[in-house]
Amino acid sequence: KICSQRMKFVLAILSTVLTASAVGVKSASAFAFPHHHQPSGSKVAAHASLTSSSFNDTRYATFLSATEEGDTDAVLPEFSSLEEYMEYLSAASSLPKGFATGTASGKFIAKEAPALGPLPLKGTVIHLTEGATDSWAACFTSNKFPGAPIKVGRSRLEGGGPIQAIVVNNKVSNVCSGGDGVADSEMVCEALAEALNLEGGAKAVLPSSTGVIGWRLPAKELAEDVVPKAVENLQTKSALNAARDIMTTDRYPKLRSKTLSNGARLVGVAKGAGMIEPNMATMLCYLMTDATIEKASLQKMLSGAVDNSFNSISVDGDESTSDTTVLVASNQVPTDDKDAIEAEFNEALLEVMTGLAGDLVRNGEGTGHVMKVKIDGYPGTDKEARFLGRWIVNSPLFKCAVSGNDPNTGRLAGAIGSFMGKFNGNANLSDVTLTLGGRAICAEEKFILEGDEVEKELSNHMKDAQLGEVDEYPKHQKYVEIGVDFGEHSGDGSATVLGSDLTAEYVSVNADYRS
(Lines give C-alpha, C1' and ligand atoms only; values in the text may rest on other atoms or scores of the structure.)
Protein backbone atom coordinates (compact mmCIF):
# COMPACT_ATOMS: atom_id res chain seq x y z
CA LYS A 1 0.00 0.00 0.00
CA ILE A 2 2.74 2.43 0.99
CA CYS A 3 4.80 1.60 -2.12
CA SER A 4 1.72 2.25 -4.22
CA GLN A 5 1.22 5.63 -2.55
CA ARG A 6 4.85 6.56 -3.15
CA MET A 7 4.58 5.61 -6.81
CA LYS A 8 1.41 7.67 -7.21
CA PHE A 9 3.16 10.68 -5.62
CA VAL A 10 6.24 10.38 -7.86
CA LEU A 11 4.06 10.03 -10.95
CA ALA A 12 2.05 13.08 -9.88
CA ILE A 13 5.22 15.16 -9.59
CA LEU A 14 6.58 13.98 -12.93
CA SER A 15 3.26 14.68 -14.60
CA THR A 16 3.13 18.14 -13.08
CA VAL A 17 6.64 19.09 -14.17
CA LEU A 18 6.16 17.78 -17.71
CA THR A 19 2.79 19.30 -18.36
CA ALA A 20 3.10 22.50 -16.29
CA SER A 21 -0.65 22.52 -16.25
CA ALA A 22 -2.41 25.67 -15.15
CA VAL A 23 -4.46 25.56 -12.00
CA GLY A 24 -8.05 26.64 -12.45
CA VAL A 25 -9.45 29.21 -10.05
CA LYS A 26 -12.99 28.68 -8.94
CA SER A 27 -15.34 31.58 -8.60
CA ALA A 28 -16.59 32.29 -5.10
CA SER A 29 -20.29 32.62 -4.57
CA ALA A 30 -22.17 35.32 -2.70
CA PHE A 31 -21.66 35.19 1.02
CA ALA A 32 -22.87 36.43 4.35
CA PHE A 33 -20.21 37.46 6.87
CA PRO A 34 -20.91 35.50 10.09
CA HIS A 35 -20.63 37.34 13.38
CA HIS A 36 -18.08 34.89 14.78
CA HIS A 37 -15.67 35.74 11.94
CA GLN A 38 -15.47 39.40 12.91
CA PRO A 39 -12.10 40.50 14.31
CA SER A 40 -12.05 41.42 17.99
CA GLY A 41 -13.52 44.87 18.56
CA SER A 42 -14.58 45.38 14.94
CA LYS A 43 -17.80 46.87 13.64
CA VAL A 44 -18.11 45.34 10.20
CA ALA A 45 -20.47 47.04 7.80
CA ALA A 46 -22.61 45.05 5.36
CA HIS A 47 -21.20 44.70 1.85
CA ALA A 48 -22.45 43.72 -1.55
CA SER A 49 -21.97 40.13 -2.60
CA LEU A 50 -18.90 39.45 -4.72
CA THR A 51 -18.58 36.79 -7.37
CA SER A 52 -15.03 36.99 -8.73
CA SER A 53 -12.19 35.48 -6.71
CA SER A 54 -9.31 37.35 -8.38
CA PHE A 55 -7.61 40.27 -6.66
CA ASN A 56 -8.82 43.15 -8.80
CA ASP A 57 -8.96 46.80 -7.82
CA THR A 58 -12.77 46.96 -7.75
CA ARG A 59 -13.02 44.15 -5.25
CA TYR A 60 -10.11 45.53 -3.23
CA ALA A 61 -11.84 48.92 -2.96
CA THR A 62 -14.87 47.14 -1.53
CA PHE A 63 -12.75 45.33 1.04
CA LEU A 64 -10.91 48.55 1.92
CA SER A 65 -14.21 50.22 2.78
CA ALA A 66 -14.67 47.61 5.54
CA THR A 67 -11.67 48.90 7.49
CA GLU A 68 -12.28 49.32 11.20
CA GLU A 69 -10.00 49.54 14.22
CA GLY A 70 -10.50 45.91 15.17
CA ASP A 71 -7.79 43.34 15.79
CA THR A 72 -7.09 39.91 14.37
CA ASP A 73 -7.53 37.02 16.77
CA ALA A 74 -4.43 35.23 18.05
CA VAL A 75 -5.86 32.11 16.38
CA LEU A 76 -7.81 33.02 13.26
CA PRO A 77 -11.32 31.56 12.87
CA GLU A 78 -12.28 29.19 10.09
CA PHE A 79 -13.29 30.69 6.74
CA SER A 80 -15.48 29.32 3.98
CA SER A 81 -14.51 31.74 1.19
CA LEU A 82 -11.90 34.24 0.09
CA GLU A 83 -14.46 36.98 0.64
CA GLU A 84 -14.88 36.07 4.30
CA TYR A 85 -11.14 36.07 4.82
CA MET A 86 -10.56 39.36 3.02
CA GLU A 87 -13.36 41.09 4.86
CA TYR A 88 -12.00 39.80 8.15
CA LEU A 89 -8.59 41.29 7.33
CA SER A 90 -10.16 44.53 6.14
CA ALA A 91 -11.93 45.00 9.44
CA ALA A 92 -8.64 44.60 11.30
CA SER A 93 -6.31 46.50 8.94
CA SER A 94 -6.60 50.09 10.19
CA LEU A 95 -3.21 51.77 9.97
CA PRO A 96 -1.57 53.18 13.11
CA LYS A 97 -1.41 56.96 13.40
CA GLY A 98 1.34 58.54 11.34
CA PHE A 99 1.43 55.91 8.57
CA ALA A 100 0.28 55.83 4.96
CA THR A 101 0.59 53.06 2.39
CA GLY A 102 0.36 53.22 -1.38
CA THR A 103 0.85 50.71 -4.17
CA ALA A 104 1.05 50.71 -7.95
CA SER A 105 1.65 48.35 -10.86
CA GLY A 106 3.87 48.54 -13.90
CA LYS A 107 5.64 46.39 -16.47
CA PHE A 108 9.23 45.65 -17.42
CA ILE A 109 11.22 43.44 -19.75
CA ALA A 110 13.93 41.39 -18.06
CA LYS A 111 17.28 41.94 -19.76
CA GLU A 112 18.23 38.40 -18.80
CA ALA A 113 15.11 36.87 -20.38
CA PRO A 114 13.62 39.26 -22.97
CA ALA A 115 11.78 36.43 -24.70
CA LEU A 116 9.37 36.35 -21.77
CA GLY A 117 8.08 39.74 -22.95
CA PRO A 118 6.58 42.42 -20.67
CA LEU A 119 6.25 41.15 -17.10
CA PRO A 120 4.12 42.59 -14.26
CA LEU A 121 5.79 44.53 -11.49
CA LYS A 122 4.36 45.98 -8.29
CA GLY A 123 5.70 48.61 -5.94
CA THR A 124 4.61 49.36 -2.38
CA VAL A 125 5.39 52.47 -0.35
CA ILE A 126 5.09 52.87 3.42
CA HIS A 127 5.34 56.51 4.48
CA LEU A 128 5.62 58.07 7.92
CA THR A 129 3.42 61.09 7.41
CA GLU A 130 4.46 63.02 10.54
CA GLY A 131 8.16 63.01 9.80
CA ALA A 132 11.20 60.77 10.10
CA THR A 133 11.65 58.51 13.11
CA ASP A 134 14.71 57.21 14.94
CA SER A 135 12.54 54.49 16.46
CA TRP A 136 13.02 51.65 14.01
CA ALA A 137 14.62 48.23 14.07
CA ALA A 138 15.37 45.54 11.52
CA CYS A 139 16.63 41.97 11.12
CA PHE A 140 18.03 40.70 7.85
CA THR A 141 18.93 37.37 6.25
CA SER A 142 22.15 35.61 7.23
CA ASN A 143 22.48 34.19 3.70
CA LYS A 144 26.02 34.86 2.43
CA PHE A 145 24.69 36.03 -0.95
CA PRO A 146 22.46 38.86 0.32
CA GLY A 147 20.51 41.04 -2.05
CA ALA A 148 21.52 44.65 -2.73
CA PRO A 149 18.57 45.98 -0.66
CA ILE A 150 19.90 43.97 2.30
CA LYS A 151 23.27 45.66 1.93
CA VAL A 152 21.61 49.07 1.80
CA GLY A 153 19.37 48.22 4.75
CA ARG A 154 22.27 47.05 6.89
CA SER A 155 24.12 50.25 6.08
CA ARG A 156 21.11 52.34 7.13
CA LEU A 157 20.72 50.36 10.36
CA GLU A 158 24.41 50.55 11.25
CA GLY A 159 24.41 54.27 10.48
CA GLY A 160 21.74 54.83 13.11
CA GLY A 161 19.94 57.53 11.15
CA PRO A 162 16.17 58.07 10.99
CA ILE A 163 13.92 56.71 8.25
CA GLN A 164 10.69 58.09 6.86
CA ALA A 165 9.73 55.63 4.14
CA ILE A 166 10.03 52.05 2.95
CA VAL A 167 9.83 51.01 -0.71
CA VAL A 168 9.20 47.40 -1.76
CA ASN A 169 9.10 45.81 -5.21
CA ASN A 170 8.17 42.29 -6.16
CA LYS A 171 9.13 40.11 -9.17
CA VAL A 172 12.90 40.88 -9.03
CA SER A 173 14.95 40.41 -5.86
CA ASN A 174 18.02 42.41 -6.99
CA VAL A 175 20.44 39.68 -5.86
CA CYS A 176 23.79 39.02 -7.60
CA SER A 177 22.59 40.84 -10.70
CA GLY A 178 24.76 41.73 -13.68
CA GLY A 179 24.52 45.47 -13.00
CA ASP A 180 25.17 47.57 -9.89
CA GLY A 181 22.44 46.34 -7.58
CA VAL A 182 23.19 48.79 -4.78
CA ALA A 183 23.13 51.75 -7.18
CA ASP A 184 19.81 50.50 -8.58
CA SER A 185 18.30 50.27 -5.08
CA GLU A 186 19.57 53.75 -4.23
CA MET A 187 18.09 55.08 -7.48
CA VAL A 188 14.64 53.87 -6.41
CA CYS A 189 15.15 55.31 -2.90
CA GLU A 190 16.12 58.66 -4.41
CA ALA A 191 13.01 58.67 -6.61
CA LEU A 192 10.79 58.05 -3.59
CA ALA A 193 12.58 60.69 -1.52
CA GLU A 194 12.01 63.24 -4.29
CA ALA A 195 8.37 62.28 -4.74
CA LEU A 196 7.72 62.65 -0.99
CA ASN A 197 10.08 65.64 -0.61
CA LEU A 198 11.86 63.92 2.27
CA GLU A 199 14.24 66.15 4.20
CA GLY A 200 16.63 63.23 4.75
CA GLY A 201 16.73 62.32 1.07
CA ALA A 202 17.38 58.76 -0.07
CA LYS A 203 19.06 57.93 3.27
CA ALA A 204 15.64 58.19 4.90
CA VAL A 205 14.27 55.40 2.66
CA LEU A 206 14.65 51.68 3.34
CA PRO A 207 14.46 49.47 0.19
CA SER A 208 13.26 45.87 -0.14
CA SER A 209 13.02 43.59 -3.16
CA THR A 210 11.69 40.08 -3.68
CA GLY A 211 11.40 37.81 -6.69
CA VAL A 212 13.76 36.24 -9.21
CA ILE A 213 17.41 36.01 -8.17
CA GLY A 214 20.04 37.08 -10.71
CA TRP A 215 17.92 39.54 -12.67
CA ARG A 216 18.73 43.23 -12.73
CA LEU A 217 16.31 45.44 -10.87
CA PRO A 218 14.12 47.41 -13.31
CA ALA A 219 15.18 50.56 -11.48
CA LYS A 220 14.17 52.96 -14.28
CA GLU A 221 10.65 51.54 -14.49
CA LEU A 222 10.29 51.67 -10.71
CA ALA A 223 11.77 55.15 -10.30
CA GLU A 224 9.96 56.82 -13.21
CA ASP A 225 6.64 54.99 -13.26
CA VAL A 226 5.72 52.66 -10.41
CA VAL A 227 7.01 54.64 -7.41
CA PRO A 228 5.45 58.00 -8.41
CA LYS A 229 2.10 56.25 -8.98
CA ALA A 230 2.37 54.51 -5.59
CA VAL A 231 2.94 57.90 -3.95
CA GLU A 232 -0.16 59.25 -5.69
CA ASN A 233 -2.09 56.30 -4.25
CA LEU A 234 -1.00 56.84 -0.64
CA GLN A 235 -3.83 56.51 1.88
CA THR A 236 -3.94 56.45 5.69
CA LYS A 237 -6.84 54.06 6.23
CA SER A 238 -5.75 50.46 5.69
CA ALA A 239 -2.61 48.31 5.47
CA LEU A 240 -4.40 45.76 3.31
CA ASN A 241 -3.10 47.24 0.04
CA ALA A 242 0.47 46.72 1.25
CA ALA A 243 -0.29 43.16 2.37
CA ARG A 244 -1.73 42.39 -1.06
CA ASP A 245 0.85 44.00 -3.34
CA ILE A 246 4.06 42.75 -1.72
CA MET A 247 2.99 39.20 -2.67
CA THR A 248 4.78 37.05 -5.27
CA THR A 249 3.69 33.40 -5.36
CA ASP A 250 1.58 33.93 -2.24
CA ARG A 251 -2.02 32.84 -2.70
CA TYR A 252 -3.50 35.38 -0.29
CA PRO A 253 -2.39 38.39 1.78
CA LYS A 254 -1.26 38.05 5.39
CA LEU A 255 -2.00 40.70 8.02
CA ARG A 256 -2.14 40.70 11.83
CA SER A 257 -2.98 43.51 14.26
CA LYS A 258 -3.20 44.27 17.96
CA THR A 259 -4.36 47.31 19.95
CA LEU A 260 -2.69 48.16 23.27
CA SER A 261 -4.49 49.34 26.39
CA ASN A 262 -3.49 52.97 25.73
CA GLY A 263 -4.97 52.88 22.23
CA ALA A 264 -1.68 52.41 20.35
CA ARG A 265 -1.85 49.96 17.44
CA LEU A 266 0.54 47.43 16.00
CA VAL A 267 -0.11 46.21 12.45
CA GLY A 268 2.07 43.73 10.57
CA VAL A 269 2.03 42.51 6.97
CA ALA A 270 4.17 39.74 5.51
CA LYS A 271 4.80 37.87 2.28
CA GLY A 272 6.54 34.62 1.49
CA ALA A 273 5.51 31.23 0.18
CA GLY A 274 8.66 29.48 -1.05
CA MET A 275 12.38 29.63 -0.21
CA ILE A 276 11.27 29.84 3.41
CA GLU A 277 13.61 28.85 6.18
CA PRO A 278 14.53 32.21 7.66
CA ASN A 279 17.57 32.56 9.83
CA MET A 280 17.72 36.27 10.56
CA ALA A 281 17.62 35.54 8.54
CA THR A 282 11.57 34.42 0.12
CA MET A 283 10.05 36.45 3.25
CA LEU A 284 9.42 40.09 3.97
CA CYS A 285 7.65 41.51 7.03
CA TYR A 286 6.80 45.10 7.90
CA LEU A 287 5.51 46.03 11.36
CA MET A 288 4.05 49.48 12.01
CA THR A 289 3.10 50.99 15.36
CA ASP A 290 2.14 54.40 16.69
CA ALA A 291 3.30 53.50 20.21
CA THR A 292 6.10 55.61 21.67
CA ILE A 293 9.05 53.24 22.11
CA GLU A 294 12.78 53.93 22.03
CA LYS A 295 14.99 52.51 19.29
CA ALA A 296 17.12 50.33 21.58
CA SER A 297 14.02 48.71 23.07
CA LEU A 298 12.54 48.09 19.61
CA GLN A 299 15.65 46.28 18.36
CA LYS A 300 15.88 44.10 21.45
CA MET A 301 12.20 43.14 21.28
CA LEU A 302 12.30 42.51 17.53
CA SER A 303 15.37 40.27 17.71
CA GLY A 304 13.81 38.21 20.50
CA ALA A 305 10.46 37.85 18.71
CA VAL A 306 12.16 36.84 15.45
CA ASP A 307 13.73 33.79 17.12
CA ASN A 308 10.35 32.56 18.35
CA SER A 309 8.48 33.26 15.12
CA PHE A 310 10.20 33.57 11.73
CA ASN A 311 13.27 31.61 12.83
CA SER A 312 10.99 28.75 13.85
CA ILE A 313 9.37 28.00 10.50
CA SER A 314 10.31 26.22 7.29
CA VAL A 315 8.48 25.52 4.05
CA ASP A 316 11.30 24.02 2.00
CA GLY A 317 14.54 24.41 3.95
CA ASP A 318 15.93 27.09 1.61
CA GLU A 319 17.00 30.33 3.24
CA SER A 320 16.26 33.37 1.12
CA THR A 321 18.79 35.99 0.06
CA SER A 322 16.27 38.75 0.75
CA ASP A 323 14.66 38.03 4.14
CA THR A 324 13.81 41.27 5.92
CA THR A 325 11.80 42.15 9.00
CA VAL A 326 11.36 45.84 9.84
CA LEU A 327 9.64 47.40 12.86
CA VAL A 328 8.90 51.13 12.72
CA ALA A 329 7.32 53.35 15.41
CA SER A 330 5.79 56.73 14.56
CA ASN A 331 5.65 57.65 18.28
CA GLN A 332 2.24 59.30 17.86
CA VAL A 333 0.59 57.79 20.96
CA PRO A 334 2.29 59.01 24.17
CA THR A 335 2.50 56.93 27.33
CA ASP A 336 2.70 57.76 31.02
CA ASP A 337 4.03 54.34 32.00
CA LYS A 338 6.94 53.47 29.71
CA ASP A 339 7.81 50.14 31.32
CA ALA A 340 4.23 48.84 31.37
CA ILE A 341 3.56 49.78 27.74
CA GLU A 342 6.84 48.28 26.57
CA ALA A 343 6.00 45.01 28.34
CA GLU A 344 2.53 44.99 26.79
CA PHE A 345 3.95 45.88 23.39
CA ASN A 346 6.47 43.06 23.60
CA GLU A 347 3.65 40.55 24.14
CA ALA A 348 1.65 42.05 21.28
CA LEU A 349 4.69 41.95 19.00
CA LEU A 350 5.25 38.25 19.70
CA GLU A 351 1.57 37.48 19.05
CA VAL A 352 1.53 39.37 15.75
CA MET A 353 4.82 37.91 14.51
CA THR A 354 3.98 34.36 15.59
CA GLY A 355 0.66 34.69 13.79
CA LEU A 356 2.32 35.96 10.61
CA ALA A 357 4.92 33.18 10.76
CA GLY A 358 2.16 30.58 10.89
CA ASP A 359 0.36 32.33 8.04
CA LEU A 360 3.49 32.10 5.88
CA VAL A 361 3.74 28.34 6.32
CA ARG A 362 0.01 27.81 5.79
CA ASN A 363 0.29 29.87 2.59
CA GLY A 364 3.45 28.04 1.50
CA GLU A 365 3.80 27.07 -2.13
CA GLY A 366 1.64 23.98 -2.56
CA THR A 367 1.19 23.49 1.18
CA GLY A 368 -1.36 20.79 1.96
CA HIS A 369 -0.60 20.37 5.66
CA VAL A 370 1.15 22.46 8.31
CA MET A 371 3.23 20.46 10.77
CA LYS A 372 3.67 21.72 14.32
CA VAL A 373 6.63 20.09 16.07
CA LYS A 374 6.96 20.65 19.81
CA ILE A 375 10.34 19.74 21.33
CA ASP A 376 10.65 19.37 25.13
CA GLY A 377 13.52 18.38 27.41
CA TYR A 378 16.13 18.58 24.66
CA PRO A 379 19.67 17.87 25.94
CA GLY A 380 20.98 21.22 24.76
CA THR A 381 19.91 24.81 24.14
CA ASP A 382 16.61 26.15 22.82
CA LYS A 383 18.42 27.05 19.60
CA GLU A 384 19.59 23.46 19.17
CA ALA A 385 16.06 22.21 19.89
CA ARG A 386 14.80 24.56 17.19
CA PHE A 387 17.33 23.08 14.74
CA LEU A 388 15.97 19.61 15.51
CA GLY A 389 12.43 20.80 14.84
CA ARG A 390 13.47 22.24 11.50
CA TRP A 391 15.34 19.04 10.65
CA ILE A 392 12.12 17.07 11.17
CA VAL A 393 9.88 19.34 9.09
CA ASN A 394 12.52 19.47 6.34
CA SER A 395 12.82 15.69 5.97
CA PRO A 396 11.66 14.97 2.38
CA LEU A 397 10.49 11.47 3.28
CA PHE A 398 8.48 12.62 6.28
CA LYS A 399 7.06 15.61 4.37
CA CYS A 400 5.82 13.26 1.64
CA ALA A 401 4.26 10.93 4.20
CA VAL A 402 2.35 13.82 5.75
CA SER A 403 1.24 14.96 2.30
CA GLY A 404 -0.31 11.55 1.69
CA ASN A 405 -1.93 11.33 5.16
CA ASP A 406 0.32 8.31 5.71
CA PRO A 407 1.29 7.90 9.42
CA ASN A 408 4.70 6.46 8.52
CA THR A 409 6.10 7.08 11.99
CA GLY A 410 9.35 5.33 11.16
CA ARG A 411 10.28 8.31 8.99
CA LEU A 412 9.77 10.61 11.98
CA ALA A 413 11.98 8.47 14.18
CA GLY A 414 14.53 8.21 11.39
CA ALA A 415 14.74 11.98 11.02
CA ILE A 416 15.24 12.44 14.77
CA GLY A 417 17.86 9.71 14.96
CA SER A 418 19.70 11.18 11.98
CA PHE A 419 19.88 14.61 13.60
CA MET A 420 20.99 13.30 16.98
CA GLY A 421 23.63 11.07 15.40
CA LYS A 422 25.11 14.00 13.50
CA PHE A 423 24.87 16.75 16.11
CA ASN A 424 24.38 15.23 19.58
CA GLY A 425 25.84 11.74 19.41
CA ASN A 426 26.33 11.29 23.15
CA ALA A 427 22.70 11.96 24.08
CA ASN A 428 20.68 9.16 25.68
CA LEU A 429 17.41 8.64 23.79
CA SER A 430 16.00 5.85 25.94
CA ASP A 431 13.45 8.17 27.58
CA VAL A 432 12.25 9.82 24.37
CA THR A 433 8.48 9.77 23.79
CA LEU A 434 7.04 10.60 20.37
CA THR A 435 3.44 11.66 19.86
CA LEU A 436 1.33 12.25 16.76
CA GLY A 437 -2.01 14.00 17.13
CA GLY A 438 -1.60 13.78 20.91
CA ARG A 439 -1.28 9.97 20.85
CA ALA A 440 1.92 8.29 22.03
CA ILE A 441 3.44 6.38 19.11
CA CYS A 442 6.88 5.55 20.51
CA ALA A 443 8.24 5.23 24.06
CA GLU A 444 11.29 3.58 25.56
CA GLU A 445 12.63 2.99 22.04
CA LYS A 446 9.59 0.92 21.02
CA PHE A 447 6.69 1.85 18.72
CA ILE A 448 3.14 1.63 20.06
CA LEU A 449 1.22 1.07 16.84
CA GLU A 450 -0.60 -2.28 17.09
CA GLY A 451 -3.94 -2.53 15.27
CA ASP A 452 -5.76 -0.97 12.35
CA GLU A 453 -7.61 1.42 14.65
CA VAL A 454 -4.38 3.18 15.62
CA GLU A 455 -3.37 3.52 11.96
CA LYS A 456 -6.80 4.92 11.13
CA GLU A 457 -6.73 7.36 14.05
CA LEU A 458 -3.35 8.77 13.06
CA SER A 459 -4.29 9.03 9.39
CA ASN A 460 -7.56 10.76 10.28
CA HIS A 461 -5.62 13.30 12.37
CA MET A 462 -3.61 14.19 9.27
CA LYS A 463 -6.70 14.33 7.06
CA ASP A 464 -8.41 16.67 9.53
CA ALA A 465 -5.49 19.10 9.25
CA GLN A 466 -5.39 18.99 5.44
CA LEU A 467 -5.60 22.16 3.36
CA GLY A 468 -6.15 22.64 -0.37
CA GLU A 469 -2.83 23.04 -2.18
CA VAL A 470 -4.18 25.93 -4.27
CA ASP A 471 -6.63 27.40 -1.74
CA GLU A 472 -7.04 31.16 -2.06
CA TYR A 473 -7.59 31.61 1.68
CA PRO A 474 -6.74 29.78 4.93
CA LYS A 475 -9.72 27.54 5.63
CA HIS A 476 -8.59 26.66 9.13
CA GLN A 477 -5.68 26.89 11.59
CA LYS A 478 -5.23 23.17 12.27
CA TYR A 479 -1.87 21.38 12.42
CA VAL A 480 -0.41 17.91 12.17
CA GLU A 481 0.68 17.87 15.82
CA ILE A 482 4.03 16.18 16.51
CA GLY A 483 5.62 15.89 19.95
CA VAL A 484 9.21 14.97 20.81
CA ASP A 485 9.79 14.73 24.58
CA PHE A 486 13.27 13.69 25.72
CA GLY A 487 12.18 13.14 29.33
CA GLU A 488 12.29 15.32 32.41
CA HIS A 489 15.93 14.52 33.26
CA SER A 490 17.42 14.93 29.79
CA GLY A 491 17.72 18.69 29.44
CA ASP A 492 16.01 22.08 29.33
CA GLY A 493 15.97 22.84 25.60
CA SER A 494 12.56 23.47 24.06
CA ALA A 495 11.13 24.83 20.83
CA THR A 496 8.03 24.87 18.66
CA VAL A 497 8.62 24.73 14.90
CA LEU A 498 6.14 24.94 12.02
CA GLY A 499 6.72 23.32 8.67
CA SER A 500 5.03 22.39 5.40
CA ASP A 501 4.50 19.07 3.67
CA LEU A 502 5.75 18.42 0.11
CA THR A 503 3.23 18.23 -2.73
CA ALA A 504 3.13 18.07 -6.51
CA GLU A 505 1.85 21.66 -6.52
CA TYR A 506 5.08 22.84 -4.86
CA VAL A 507 7.05 21.30 -7.74
CA SER A 508 4.70 22.85 -10.28
CA VAL A 509 5.12 26.35 -8.89
CA ASN A 510 8.90 26.14 -8.71
CA ALA A 511 9.31 24.44 -12.07
CA ASP A 512 7.70 27.44 -13.74
CA TYR A 513 8.55 30.25 -11.30
CA ARG A 514 10.11 32.91 -13.52
CA SER A 515 7.31 33.02 -16.09
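Author: Gladly! This is a predicted model, and its largest nonpolar core has 35 residues, of which Leu287, Phe310, Phe345 and Leu349 touch the most other members. Helix α9 gives the largest share, ten residues.

Reader: What makes this core lie between domain 1 and domain 2?

Author: Domain 1 spans 82-363 and domain 2 spans 370-512; both give residues to the core, so it lies between them.

Reader: Which residues are in contact with Phe345, leaving aside neighbours within four places in sequence?

Author: Contact requires heavy atoms within 4.5 Å. On that test Phe345 is in contact with Leu260, Leu266, Thr289, Ala291, Ile293, Leu298, Met301 and Leu327, once neighbours within four places in sequence are left aside.

Reader: Why are β3 and β6 called edge strands?

Author: The open sheet runs in the order β3-β10-β8-β7-β6, with mixed pairing. Strands β3 (136-140) and β6 (254-259) each pair on one side only.

Reader: And how do you know that β7 and β8 pair?

Author: Two strands pair if there are at least two bridges between them. Strands β7 (residues 265-271) and β8 (residues 284-291) have six, in the antiparallel sense, and Ala270 stands opposite Cys285 in β8.

Methods
Residues numbered from 1 in each chain as written. Predicted model: local features only at pLDDT ≥ 70, side-chain atom pairs only at ≥ 80, totals over all residues. Heavy atoms only, no water. Helix = DSSP H or I, 4+ residues; strand = E, 2+ residues; numbered from the N terminus. Core = buried A, V, L, I, M, F, W, Y, C linked by side-chain atoms within 4.5 Å. Buried < 20%, exposed > 50% of the residue type's maximum accessible area, 1.4 Å probe, protein only. Domains from an automatic or database assignment.
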